[in-house]
Amino acid sequence: MYPLYKRPWFSVWLDANGRMAMKGILAPVVKPFTSDLLDIFENSIPIGENGKELIFSTWMPPIPGKAFDRLVKSQFNARLGKNIPDQVTISVTEECPNRCIHCALPDTDNRESLSPDEVTDIIDQVIEMGTTMIIFDGGEPMVYPELAEVVSHVDPDKAIATVFTSGTGLTREMAESLRSAGMFAVNVSLDSPYQEEHDRMRGRSGVFDDALAAIKNSLAAGMLVNIYVVLSPMNVNDLREFYALAVETGAHELSFYEIVPTGRWIDHESDVLSDLDRETLDSFVKWAADDGRVRVFSIPHAMKTTGCFAGRRWIHITPQGDVLPCACIPISYGNIREESIRTIWKRIRKDSAYNAKSCLMRDHEFRRRL
């Protein structure tokens, strides 16, 4: 059994089969304060263990560990109204060889990037605030020359470092470099399990092959791999094919997010998942849990428990230095070149909108702010 949380009067334990036990005389009192976190573990099987650490997901620090302890602390504090950005995404560059039809990054054509010093300063600031997951994205972060350098700045005792990539540029050498720098997991984005359709949605021939090569190279380097799928009406009926691809490639996890009308997709407010599409996802998630060959993490399902992370547990830094409530909400609350992230975070938290139960960018009234 691995300790999720351990104190003299209350402890939570998890085994390698996903079974959970809560012990201690304060367990009945404390359980409601940890429900958001514990619901994520319930009836789920971890992706790996080595006798000392349990790797439950690519989205979470190893258990036990100092970074995970920080995450648990932030969950307790959030229940008391003391929110911090557990998760921070940093778009290190706008540069990208692809042109994805649903990219959340606005088309500025400036090709801006954050300097390595700016990125490491962001890391220092958010780590000090309590952040436990730092995600590097873009654009395509593999074209950022100092990626391994800034990854190495993330203290693994305080946070995990992950990256979102189309796979382009993630060679075996790059994978080895990132692993040596301390990269915890690689999220490889796939829009279709079929080469022609994926390349169409990504706007470039050959990007499907790049994605498969990136998965292979990352696994060979010893990193965790998550296949990340943005679900839309175009691919929601391919769920089992995505799953089969995850099994075939040896990916540790398969994650699903729901398409958001933002960025290049901002005028497609009605081109999102229907109620029938969500029923299709529900059915698949149950099937995958029974199958058990690959861990499936459905973010739409998790949000039913956790609510929307935007501005409550997540912030996003753009290549221009703007601080957004999340990568999908194009509303800046300040800039890292002018103010501290803590000051900007306090400004975001004063906006009552960022306690939402569901995605704000799918809320017609909220979209009037844009």
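Serine 218 counts as buried because its relative accessibility is 0%, where buried means under 20% relative accessible area, exposed over 50% and partly exposed in between, with a 1.4 Å probe and protein chains only. The structure is a predicted model, in which local features need pLDDT of at least 70 and side-chain atom pairs count only at pLDDT 80 or more, while totals for chains, interfaces and linings use all residues. Residues are numbered from 1 along each chain as its sequence is written, and side-chain values use heavy atoms, with hydrogens and water left out.

**Overall make-up**

- The secondary structure of the protein comes to twelve helices and 14 strands, where helices (H or I, at least four residues) and strands (E, at least two) are DSSP runs numbered from the N terminus.
- The protein has 370 residues, of which 56% count as buried.
- Of the contacts between residues at least 6 apart in sequence, 66% join residues at least 24 apart, with contact meaning heavy atoms within 4.5 Å.

**Serine 218 and helix α7**

- Serine 218 belongs to helix α8, which spans residues 207-220, and, leaving aside neighbours within four places in sequence, serine 218 is in contact with Leu170, Ala175, Val186, Met223 and Val225.
- Helix α7 (residues 195-202) has His198, Asp199, Met201 and Arg202 as buried residues, and these cover an arc of only 165 degrees around the axis, which puts them on the same side of α7; the arc is that of the directions from the helix axis to the C-beta atoms.
- The buried residues of α7 pack against strand β9 (185-189) and against helix α8.
- Just after α7 comes glycine 203, which takes a positive phi of about 75 degrees.

**Helix α12 and its cover**

- In helix α12 (residues 341-349), the buried residues are Ile341, Ile344, Trp345 and Ile348, and, seen down the axis of α12, they fall within an arc of 105 degrees, so they line one face of the helix.
- The elements that cover these buried residues of α12 include α4 (116-129), β13 (314-317) and β14 (323-324).
- Helices α4 and α12 pack at an angle of about 55 degrees, with their axes 10 Å apart; axes are lines fitted to C-alpha atoms, for helices over the stretch in contact, and angles run from 0 to 180 degrees between N-to-C directions.
- That angle makes α4 oblique to α12, given that angles under 35 degrees count as roughly parallel, over 145 as roughly antiparallel, 65 to 115 as roughly perpendicular and the rest as oblique.
- On the α4 side, Ile122, Gln125, Val126, Glu128 and Met129 meet Ile341, Arg342 and Trp345 of α12.
- The residues of this contact between α4 and α12 divide into five nonpolar, one polar and two charged, where Ala, Val, Leu, Ile, Met, Phe, Trp, Tyr, Cys and Pro count as nonpolar, Asp, Glu, Lys and Arg as charged, and the others, Gly among them, as polar.

**Helices α9 and α10**

- The axes of helix α9 (residues 239-249) and helix α10 (residues 275-291) come within 10 Å and cross at roughly 30 degrees, which makes α9 roughly parallel to α10.
- Leu239, Arg240 and Tyr243 of α9 make the contact with Thr280, Leu281, Phe284, Trp287, Ala288 and Asp291 of α10, and the residues of this contact divide into six nonpolar, one polar and two charged.

**Residues brought together from apart in sequence**

- Glycine 311, in the loop between α11 (299-306) and β13, counts as buried at 0% relative accessibility.
- The C-alpha atoms of glycine 311 and proline 325 are separated by 4.2 Å, although the two residues are 14 residues apart along the chain.
- Not counting residues up to four places away in sequence, glycine 311 touches Pro325, Trp345, Ile348, Arg349 and Tyr354.
- Alanine 181 lies in helix α6 (residues 172-181) and is buried, with a relative accessible area of 16%.
- From C-alpha to C-alpha, alanine 181 and histidine 153 are 8.3 Å apart in space and 28 residues apart in sequence.

**Cis peptide bonds**

- Isoleucine 63 and proline 64 are joined by a cis peptide bond with omega about -5 degrees, and proline 64 lies in the loop between β5 (54-55) and α3 (66-79).
- The peptide bond from glycine 138 to glycine 139 is cis, with omega near 15 degrees, and glycine 139 is placed in the loop between β7 (133-137) and α5 (147-151).
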